[in-house]
Amino acid sequence: MDTPGYIVLSRLASQARATDVLAANIANAGTPGFKASQTIFAQQLARQSGAETPAGGEQLAFTLDRATWRDMSAGALRHTGNPLDLALGGDGFFAVQTPRGERFTRAGHFTLSPDSQVVDPEGNPLLGEGGQPLVLPPGDVRLEVKGDGTIASESGPLGRLRVVRFDDAQRLVAEGSRLFSAPQGVDAQAVERPAVVQGAVEESNVSPVAELTRLTAGLREFQFAAQFIEKEGERLGGAVDRILRRR
């Protein structure tokens, strides 16, 4: 493969990952609290050496897969009337306890476990301000949550929800479609006014129409690049055949 082939191959590899990211966004368009991701590409310039200046200049531009950027904007709130459904009207994340440690989420669809713990769909306990799982007193089934995160049941006050924020939420690591982990050096800060909304869940911030449009455009670019490589291969093969016939 010659230089044009390598350049187009770099584009194909990047476009393949972009397609995977777009497909994941579309698949999670209905997942509460899901945050859409977008790929970031750049040009990697390489200077030719040991050759005369070709037409068009000396630099070759390869496609560089720089990173994945996550859109942390809030999704729309859907009111369910379920008192165990919680949403954050402002900044921050709920904290839950998992077997891997503390994790953070915007997906506020919670239920009551057999041992009266408030848990997420995977059974991870919702944490209070002190970092302890939220447990209702025996016999209590009704939970009241105020906008500042304070919680109470029939027996009285239970404490306050642990809601945290991060200076650079882009450094959070996604674990599945709902949870995030904070790597070392990324500290969680308590949110004083989390604007908790009881009886509602935050929807995904994915725009299915926009994502489908991007996916269609990306697939066309992938097809064009694949066709270019195919034609380039035919050109090189024809050149080799002509050289061999002359010899």
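**Close-up 1. Arg 100 and its salt-bridge partner Glu 175.** In this predicted model, Arg 100 counts as exposed, because its relative accessibility is 51%. Its side chain meets that of Glu 175 in a salt bridge, with 3.0 Å from N to O. Arg 100 sits in the loop between β5 and β6 and Glu 175 in strand β13, so the pair ties together parts of the chain 75 residues apart in sequence. Glu 175 itself is partly exposed, at 23% relative accessibility. Look for Arg 103 here too: its side chain also meets that of Glu 175 in a salt bridge, at 2.9 Å from N to O. Arg 103 belongs to strand β6 and Glu 175 to strand β13, so this pair joins parts 72 residues apart in sequence. Arg 103 is buried, with a relative accessibility of 11%.

**Close-up 2. A salt bridge between Asp 91 and Arg 165.** The side chains of Asp 91 and Arg 165 come together at 3.1 Å, N to O. Since Asp 91 is in the loop between β4 and β5 while Arg 165 is in strand β12, the pair ties together parts 74 residues apart in sequence. Asp 91 is partly exposed at 45% relative accessibility, and Arg 165 is partly exposed at 27%. The model has 10 salt bridges by the rule used. Elsewhere, salt bridges with shared partners join Lys 35, Arg 106 and Glu 202 into one network.

Close-up 3. In one of them, the ring centres of Phe 94 and Phe 110 are 5.7 Å apart and the planes stand at 90°, so the pair is edge-to-face. This pair links distant parts of the chain, with Phe 94 in strand β5 (residues 93–98) and Phe 110 in the loop between β6 (101–105) and β7 (111–112), 16 residues apart. Both Phe 94 and Phe 110 are buried. Phe 104 and Phe 166 are also edge-to-face, because their ring centres lie 5.1 Å apart and their planes are at 80°. Here Phe 104 in strand β6 is linked to Phe 166 in the loop between β12 (163–165) and β13 (173–175), 62 residues apart. Both Phe 104 and Phe 166 are buried. Ring pairs join Phe 93, Phe 104, Phe 166 and Phe 180 into a cluster.

**Close-up 4. Leu 86 and the largest nonpolar core.** This core has 18 residues, of which Leu 86, Phe 94, Leu 126, Leu 143 and Leu 161 touch the most other members. The elements giving two or more residues to the core are β4 (86–88) and β5. Beyond its neighbours within four places in sequence, Leu 86 has contacts including Phe 94, Phe 110, Leu 126, Val 145, Leu 161 and Val 196. Apart from this core lies another of 10 residues, with Phe 93, Val 164, Phe 166 and Leu 172 among them.

**Close-up 5. Asn 124, a buried loop residue.** Asn 124 lies in the loop between β8 (118–119) and β9 (144–145). Its relative accessibility is 8%, so Asn 124 counts as buried. Leaving out residues up to four places away in sequence, Asn 124 touches Val 96, Gln 97, Thr 98, Pro 99, Val 118, Val 119 and Leu 179.

**Close-up 6. The open sheet β9-β10-β11.** Three strands form this open sheet, with antiparallel pairing. The edge strands are β9 and β11 (156–160), each pairing on one side only. Strand β10 (residues 150–153) pairs with β11 over 4 bridges, and Ile 151 stands opposite Gly 159 in β11.

Definitions and conventions
Residues numbered from 1 in each chain as written. Predicted model: local features only at pLDDT ≥ 70, side-chain atom pairs only at ≥ 80, totals over all residues. Heavy atoms only, no water. Buried < 20%, exposed > 50% of the residue type's maximum accessible area, 1.4 Å probe, protein only. Contact = heavy atoms within 4.5 Å. Phe/Tyr/Trp six-rings, centres within 6.5 Å; stacked < 30°, edge-to-face > 60°. Core = buried A, V, L, I, M, F, W, Y, C linked by side-chain atoms within 4.5 Å. Pairing = 2+ DSSP bridges. Salt bridge = Lys/Arg side-chain N within 4 Å of Asp/Glu carboxyl O.
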